[in-house]
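Student: I'd like to go through this model with you, one question at a time. Could you put it up?

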Amino acid sequence: MNRLLTAALLWLCLVSPAWAQTARCEAEVRRAATTLGQIHRQWPLRPTGDRVEQGAQYVAARLGRYTAGSGRIWRVHIVRDSKLNAFSIGDGHIFLTEGMLRFVANEGELAAVIAHEFGHHLAGHFCTSARKRGFWGGLFGGSGEENATRSRVGALTAIVDPEKEREADRIATIVLDRAGYDPRHALELAMRMAHSGSAAHFQYRHRVEALQELLAGRPRASRAPADSQEFREMKRTLWQEEALR
Amino acid sequence: MKTRSKAAVVGVTLSCVVLTGCTGGSYSTTETSTVGGAAVGALVGGLLGGWQWAAIGAASGAALGWVTGKAIEAQEISSRSTVQDQQLYGYSAPSDSVFVNINSATSSPQVVAPGGVVDVVTDYSLALPQSMSQASVTASSVLMKDGEKVMEFKGQPVPKASGGYTIKLPVNIPAEAAPGTYVIEHNVSAGSTYDTAQSTFVVKA
């Protein structure tokens with residue numbers, strides 16, 4: 001009986017996510033709902049259920065199975081923008097541009113982008129006081145701390161704290177690992193992004209260093225899982241649309 | 001070789017017939033383009049294939065010409081200032097980049113007889129960074145039936161200031177248009193962003 005109890009406790013310790021206590025807070029939910037409404041009115045978003053959105057949502061759902069303790073429903077929105085960008089507004093809402101979906105080389109890299117946004121949520125970056133930050137502040141879970149920088153996404157303002165970016169990366173590698181993706185995809189993507197000339201908010205050079213340190217000595221996955229049908233359909237649809245324009 | 005030559009003659013003759021038949025009247029840009037398209041199509045079809053291909057070439061060329069002609073007929077029927085757009089759609093802060101967003105896309109009337117006109121109306125908002133006074137906006141429409149592209153109306157890039165715009169594209173429905181439901185895809189692009197929306201109308205004899 002004791003053995004059974006010990007085994008059960010050990011199993012709980014192993015599978016229980018570290019972020020189980022960082023459930024969404026009321027302020028996060030309220031801010032996200034208002035911001036979501038503004039984005040839907042102002043930005044060109046792909047409709048729910050189209051192949052591109054479905055492909056990204058499939059990857060988010062696959063990752064989301066390993067964040068069950070967070071109490072969030074993950075929802076991916078696709079912006080019709082060729083720029084490279086990915087960000088979150090809290091309460092599980094993640095935004096990816098078409099440019100980012102075209103940029104990722106495989107499903108593992110897309111999973112790394114989404115897992116990083118999960119990381120901001122799971123670390124509680126959105127559940128902070130609204131004081132001293134405007135209504136639009138707090139995209140990506142910014143804190144308004146001195147070492148944070150501000151960047152703009154359309155009419156929204158994002159406060160980006162390098163430490164929180166690294167924290168989101170750390171959580172992302174755990175989520176990726178649990179979901180069966182090689183966490184090295186996060187490093188490979190960060191390295192490519194660092195040389196892409198994209199917007200500065202990702203601060204990829206610093207993130208590359210931190211990820212290299214985090215993943216040092218970790219062997220490369222012996223067999224990377226093949227891209228899913230959903231991911232391939234998403235890529236094919238984007239390619240076909242690009243060819244038509 | 002002889003057959004090919006005959007087909008080419010048929011194609012050229014058909015082109016001439018079509019051209020001759022239209023030169024006496026007053027035609028809109030659309031119809032003129034239709035004629036030009038039909039002539040080129042028939043000629044190319046005749047040269048490449050037989051007389052059947054000449055006829056097919058004429059038909060597809062006519063469609064192409066119709067499309068080409070329509071591209072210059074889109075009209076701006078109303079515009080809104082940035083402030084008016086903000087009041088209407090709740091814009092709250094200046095943007096850091098060019099953003100275009102379709103607010104509504106309609107085709108009217110919903111039911112049209114062959115030979116009638118359908119107004120394809122697109123209302124969109126354009127957000128610009130404060131450092132920019134204008135951005136180049138391109139509007140286009142694609143007419144589809146049963147999932148197949150029937151025609152495409154490609155507009156030219158037009159410089160626009162921040163605000164809201166409503167544009168109208170009157171589409172002449174050919175007398176021989178097949179009855180059924182048609183889908184119009186409304187497209188607007190500016191900067192790195194674009195938006196698309198759909199509307200439908202029914203052609204009923």
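Student: Does A:E233 count as buried or exposed, and at what relative accessibility?

Tutor: First, the ground rules: this is a predicted model, where local features need pLDDT of at least 70 and side-chain atom pairs count only at pLDDT 80 or more, while totals for chains, interfaces and linings use all residues. Residues are numbered from 1 along each chain as its sequence is written, chains are lettered from A and ligands numbered from 1 in the order in which they are written, and side-chain values use heavy atoms, with hydrogens and water left out. Buried means under 20% relative accessible area, exposed over 50%, and partly exposed in between (1.4 Å probe, protein chains only). A:E233 therefore counts as buried, at 18%.

Student: Which residue does A:E233 meet in a salt bridge?

Tutor: A salt bridge here is a side-chain nitrogen of Lys or Arg within 4 Å of a carboxyl oxygen of Asp or Glu. A:E233 sits in helix α9 (residues 229-244) of chain A, and its partner is 182 residues apart from it, in helix α3 (residues 51-64) of chain A. Helices (H or I, at least four residues) and strands (E, at least two) are DSSP runs, numbered from the N terminus. With 3.3 Å from N to O, the partner is A:R51.

Student: What is the distance between the closest N and O atoms of A:R46 and A:D50?

Tutor: Those two form a salt bridge as well, and both A:R46 and A:D50 are buried. Their closest N and O atoms are 2.5 Å apart.

Student: Why does the salt bridge of B:K168 and B:D119 tie together separate parts of the sequence, and how many residues apart are they?

Tutor: Their side chains meet at 4.0 Å, N to O. B:K168 belongs to strand β8 of chain B and B:D119 to strand β4 of chain B, so the pair ties together parts that lie 49 residues apart.

Student: In what order do the four strands of the open sheet in chain B run?

Tutor: Two strands pair if DSSP finds at least two bridges between them. β4 (residues 117-127) and β8 (residues 163-172) of chain B pair in the antiparallel sense over 10 bridges. In the whole open sheet of chain B the pairing is antiparallel, and the order is β1-β8-β4-β2.

Student: Which are the edge strands of that sheet?

Tutor: An edge strand of this sheet pairs on one side only. In chain B, those are β1 (75-80) and β2 (99-108).

Student: Which cysteine does A:C25 join in a disulfide?

Tutor: A disulfide is a pair of cysteine sulfur atoms within 2.5 Å, and the structure holds one over all chains. A:C25 is in the loop between α1 (2-15) and α2 (26-42) of chain A, and its partner is 102 residues apart, in the loop between α5 and β4 of chain A. With S to S at 2.1 Å, the partner is A:C127.
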